[in-house]
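This report walks through one protein chain, from its overall fold to single residues. Keep the sequence and the structure in view while reading.

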Amino acid sequence: MCHQQKDPLRPLSVEERDQLEHLSRSLTMPADHVIHAKEVLAVADGHSFTDAAKLAGRKSGDAVAHLIARYNAQGLPALETRHGGGPPIRYTLAECERILREFRRAPDRRLDGTATWSLTTLQRALRRAPDGLPKVSTYTILCVLHEAGYSWKQERTWCDTGKAIRVRKSGTVEVTDPDATGKKTLSSRPTP
């Protein structure tokens, strides 16, 4: 005999049902979103939480119960995967904006030691700054840049290939590599 559900699914609107059905058949969305949509639709069709889990290829009816409780409160955003354990996210929106502000700043060759940002030089600049982040990692910087829509391959600027500034006894000298154009065409090919 089936027990009465503690937190039953609220009635779905026509738009919600259409979106859930579309999502449950999707081949391009993340698999957990598709499974969650199938579970919500199964519960909406009158199945118990355990049966809905089995229909979606899962085992736990309790997980479906938690999903339904979240769906009742949040709607469709409840289908997205939340932070799944591990250390908590340490950097707030203000700190992420600080990373982006430093990234958007043009580096000073003398102060930063570079003409273009790499993850390591950006990390050094953030750790040295008085209002910076003393324990920021390159992985955190990379994640913040990706979330902001930057792709390192597309957004990176490059220095002039084949030119270097050298310090000599007579002063600083710009040295040019005679094979620079050949090297530049080889390195500027798109990677497969």
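Which pattern does the chain follow, read along the sequence? The pattern is α-α-α-α-α-α-α-α-α-β-β-α. The chain has 10 helices and 2 strands. Both are DSSP runs, numbered from the N terminus: helices are H or I with at least four residues, strands are E with at least two.

The model is predicted: local features need pLDDT of at least 70, side-chain atom pairs count only at pLDDT 80 or more, and totals for chains, interfaces and linings use all residues. Residues are numbered from 1 along each chain as its sequence is written, and side-chain values use heavy atoms, with hydrogens and water left out.

**Whole chain**

The chain has 192 residues, and 30% of them count as buried. Buried means under 20% relative accessible area, exposed means over 50%, and partly exposed lies in between (1.4 Å probe, protein chains only). The chain exposes about 13900 Å², with 54% supplied by carbon and sulfur atoms. Areas come from the Shrake-Rupley method with a 1.4 Å probe; for residues, only the protein chains shown count as cover. Contact means heavy atoms within 4.5 Å. Among contacts with a separation of 6 or more, 43% join residues 24 or more positions apart.

**Helix H2**

Helix H2 covers residues 31–44. Its 14 residues reach 20 Å from first C-alpha to last, close to the 20 Å expected at 1.5 Å a residue. The expected span is 1.5 Å times one less than the number of residues. Is H2 mostly covered or mostly open? H2 is mostly covered, with 10 of its 14 residues buried. Among them are His 33, His 36 and Glu 39, along with Val 34, Ile 35 and Leu 41. The buried residues of H2 pack against helix H1 (14–24), helix H3 (49–55) and helix H4 (61–74). Just after H2, Gly 46 takes a positive phi of about 105 degrees.

In H7, the buried residues are Thr 121, Leu 122, Gln 123, Ala 125 and Leu 126. Their cover includes H5, helix H6 (109–112) and H8. Val 136 lies in the loop between helix H7 (119–128) and helix H8 (138–147). Val 136 counts as buried because its relative accessibility is 0%. Leaving out residues up to four places away in sequence, Val 136 touches Tyr 91, Ile 99, Gln 123, Leu 126, Arg 127 and Ile 141.

Tyr 91 is also among the residues nearest the centre of the largest pocket, with Ile 89, Thr 140, Cys 143 and Val 144. The elements that give two or more residues to the lining are helix H5 (93–104) and H8. H8 gives the largest share, 5 residues. In total, 18 residues line the pocket. They divide into 11 nonpolar, 3 polar and 4 charged. Here Ala, Val, Leu, Ile, Met, Phe, Trp, Tyr, Cys and Pro count as nonpolar, Asp, Glu, Lys and Arg as charged, and the others, Gly among them, as polar. The pocket holds about 440 Å³ of space. A pocket is an open set of points on a 1 Å grid over the protein atoms alone, where a 1.4 Å probe fits, with protein on both sides within 12 Å along at least five of seven lines; lining residues have an atom within 4 Å of a point.

Val 175 sits in strand E2 (residues 171–176). With a relative accessible area of 34%, Val 175 is partly exposed. Pro 178 is in the loop between E2 and helix H10 (180–187). Pro 178 is exposed, because its relative accessible area is 73%.

| Pair | Apart in sequence | C-alpha to C-alpha |
|---|---|---|
| Val 136 and Tyr 91 | 45 residues | 9.1 Å |
| Val 175 and Ala 164 | 11 residues | 5.2 Å |
| Pro 178 and Lys 163 | 15 residues | 9.6 Å |

Note on methods:
Points joined across faces, edges and corners; volume = space filled by probe spheres on them.
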